Amino acid sequence: MTDVIAAQQAALNDLYRRHVGPGGRYALLDFPDHANVGDSAIWLGELTMLRAITGREPDFVCTWHDFDEARLRRAAPDATIFLHGGGNLGDIWPHHQRLRETVLTRLRDRTVVQLPQSIHFGSGDAAARFAGIAAAHPDLTLYVRDRPSLTIAHGMIGERAMLAPDSAFALGRQSRGRPDVPLLALLRTDGEGVDPPMPIPADALVCDWLDEDAPVPGVHAAQAASRVARGLRLLSRGEAIITDRLHVHILALLLDIPHVVLDNSYGKIGRYMDAWTAASPRVRRAALPA
């Protein structure tokens, strides 16, 4: 049987090495300065790959709200620009999309690599605007995590768009803590959740991972590591898991926890599974929690 974790790690290693080598300078933009564990897992995986290949820390990091073009050019005058991956390429999360479009508009003299994303636009006008911006950039590579996104991306920039796995798989297998509940239902409470919510079995511990009990210490890598550790502890509580979050699915695979996947509002998890993880015996798809 295919080892889906090893296969995705190998694909990520090949991907990153196309753009940087030993000693290579790089900037990593759109740090996820929020509680969502999945985005921190992606960031930590991106940083793990880039550190391993280059032997360096990033020359420049920013969030969506503190991007400064002049500061980037001073700190990273010849660096490859990496845009954080995830599921925000589209119009569901407009602040991240605005940063992406700003970078592609202002930094046309730089190599820009959009790390693996899922694409979803509700507005045709918004999709057309981004397509124009992306096509106008002379040195953009756009990685996407599923085949429907690849079809969209090919229509925008042709063969500069490629299929790639989620960077969280760069974290590798994780040690599982001791479970203390038979069923953990970690379900979305944000704009990608299914409306109306689905009924959940009465014996499940129902939660989301968007809330933090206290401010997370440190900056960037330390914050991401702390958030991922919190997510791993939470997932380890369940003997089994039900989820509609893609990164619960991914981290459950890394923890070797059996889980059932419902889909989010636009099918992001099912699309990812079709491309990368359907062969795993630890996951099952379902239309309803029961």
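Biologist: What makes β11 and β12 a pair in this predicted model?

Modeller: Three bridges join strand β11, residues 259-261, to β12. Pairing requires at least two bridges from DSSP, so the two strands count as paired. They run parallel.

Biologist: Which residue stands opposite Val283 of β12?

Modeller: His259 does.

Biologist: How do you know that helix α9 packs on the sheet?

Modeller: Helix α9, residues 268-277, touches β11 and β12. Contact means heavy atoms within 4.5 Å. The direction of α9 makes about 130° with that of β12.

Biologist: What is the strand order in the open sheet?

Modeller: The order is β9-β8-β10-β11-β12, five strands with parallel pairing.

Biologist: Why are β9 and β12 called edge strands?

Modeller: β9 (205-207) and β12 (283-285) each have a single partner strand, so one side of each has no neighbour in the sheet. Neighbouring strands of this sheet are turned by 20° against each other on average, direction ignored.

Biologist: How much space lies in the largest pocket?

Modeller: About 390 Å³.

Biologist: How does the lining of the largest pocket divide by class?

Modeller: Seven residues are nonpolar, 10 polar and eight charged. Asp and Arg count as charged, so Asp39 and Arg188 belong to the charged class. Trp counts as nonpolar, so Trp93 falls in that class.

How values were computed:
Residues numbered from 1 in each chain as written. Predicted model: local features only at pLDDT ≥ 70, side-chain atom pairs only at ≥ 80, totals over all residues. Heavy atoms only, no water. Helix = DSSP H or I, 4+ residues; strand = E, 2+ residues; numbered from the N terminus. Axes fitted to C-alpha atoms, helices over the stretch in contact; angles between N-to-C directions. 1 Å grid on protein atoms, 1.4 Å probe; cavity = no way out; pocket = protein on both sides within 12 Å on 5 of 7 lines; lining within 4 Å. Points joined across faces, edges and corners; volume = space filled by probe spheres on them.
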